[in-house]
Amino acid sequence: MKTKNPIVLIVLFSLGWAFMYADRNILSPVMSIIQTDWGLNKGELGLISTVFFIAYAFMQIPAGFLADRFGRLKVLVIGYILFGIGTILSGFAPSLMIFLLVRIITGLGEGMYYGPQYAISSSTISKKYRGISSALINSGMAIGISLGFIASSYFTFTLKKDWQFSFFFFGILTIIVAALIAFFIKDDYKPIKNSQAVSKNQRISIKALFSKNHIITYILIFCSLYGFFSMITWLPYYLQTERGIEGSKTGIISSLVPWAAIPGAILFGYLSDRIKNKKGIVICLALLGTACQFIVPYTENFSLMIAGLVIYGLIGKLALDPVLIAYIADNTHPSMYSRAYSIFNFAGMTSSIFAPYITGYLADITGHIEIGFYLSGVLLLIGGIAFLFTESPLKKTMNTTNDPTHPFQHSDKIAHS
């Protein structure tokens, strides 16, 4: 029953992202309840997300190397099952300390998904459709965010369930998704068996994956994800405490961002497949995202705030991601995809370690969460400016034909020798 059919890959990998992002966001609508139950301040609330993302980011690079050594699909499925178990255990945690420990386990499991998943999809799906396929897979993130927001709000505020119920519900479904991926997805990549070949390949790959284009892309994804996770983590709480919106409605309002992201990601993914030089698209998205990061907290007009959230969804992180994923592939040899995407995601997810806690810490100091949103806008602007200094992948390839460390100089035989 295993298949490399791109539609099957897109559907199942998108479903994988949906449950990962649902798990991350079922917490946001009930943060005020958890704060009351366990007597936490805003910094401690932010710490819940921070420890998860420390574990998630920590696992990125090891997952890429493990995938190349033992098999992409095997590493992905094992991690996804661990993630599901961690989600279920989160619902049993009796205190903050136990909850933090379980969230670390969950983060380690989720950290084994990104690199192997995009390595499989980038190797299997034609380059002609790389941007649009990544956008469709990424749409699972948007669905998951919305699903997490709405389900958590509905279970807790409408059905009057304990906040832990959402973790049990999504944890069981997560393990089912892991089984579906293991049963249906086929990956022809042959793991490296010879230790000498591994050592040689890793030396080449590490140098090649830190070119000028790679480094600047890592900086931009850091800046982009910092604002995204700051907003996603704190938006429901912000709407409840500083905008006076009922808890049952904050999940729906917050979900406007991911739902708007789906058509935006598909549009810009489609454009990136047809435009060789992606620099203009990337810089435009970064500047528009910066503007939205300022508009949402600054305006006192409710309608304008909603418009800012919708536009941010259309052109924000989830729209920028497929363009940058395609850009990384354009600058990287296929034999290095797992490691390239792992380093790329590590750079981005490092920001998620700091964003929730720093936003909460600044809110404790100033009494307002808005300052954290403004900081996010400044960082995204810096990332957009940095991307001005990237070079065309085609030009870079032409200018480095004699460079043995350049990623396009190696054949797939290196990875399989």
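Predicted model: local features only at pLDDT ≥ 70, side-chain atom pairs only at ≥ 80, totals over all residues.
On the secondary structure side, we have 19 helices and zero strands. The chain runs to 417 residues, and 59% of them count as buried. If you look at contacts with a separation of 6 or more, 85% come from residues 24 or more positions apart.

The accessible surface is about 15,900 Å², and carbon and sulfur atoms hold 70% of that. There's a nonpolar patch I'd like you to find on screen, about 620 Å², made by Ile143, Leu147, Ile150, Tyr154, Leu159, Ile252 and Trp259. Which helix gives the most to it? That's helix 7, residues 130-158, with four residues. Take Ile150, which sits in helix 7. Its relative accessible area is 37%, so Ile150 is partly exposed, since that class covers values between 20% and 50%.

Next, the rings. Searching the whole structure turns up 35 aromatic pairs. One of them is Phe99 with Phe167, an edge-to-face pair at 5.8 Å centre to centre, with 85° between the planes. That pair ties together distant parts of the chain: Phe99 is in helix 5 (residues 96-110) and Phe167 is in helix 8 (residues 165-184), 68 residues apart. Buried or exposed, those two? Both Phe99 and Phe167 are buried.

Arg24 lies over the face of Tyr56, 4.5 Å from the ring centre. Arg339 does likewise over the face of Phe65, there at 5.9 Å from the ring centre.

How values were computed. Residues numbered from 1 in each chain as written. Heavy atoms only, no water. Helix = DSSP H or I, 4+ residues; strand = E, 2+ residues; numbered from the N terminus. Buried < 20%, exposed > 50% of the residue type's maximum accessible area, 1.4 Å probe, protein only. Contact = heavy atoms within 4.5 Å. Areas by Shrake-Rupley, 256 points an atom, 1.4 Å probe, with all protein chains shown as cover. Patch = residues over 30% accessible without salt bridge, like charges linked within 9 Å, V, L, I, M, F, W, Y side chains within 5 Å. Salt bridge = Lys/Arg side-chain N within 4 Å of Asp/Glu carboxyl O. Phe/Tyr/Trp six-rings, centres within 6.5 Å; stacked < 30°, edge-to-face > 60°. Lys NZ or Arg CZ within 6 Å of the ring centre and 35° of its normal.
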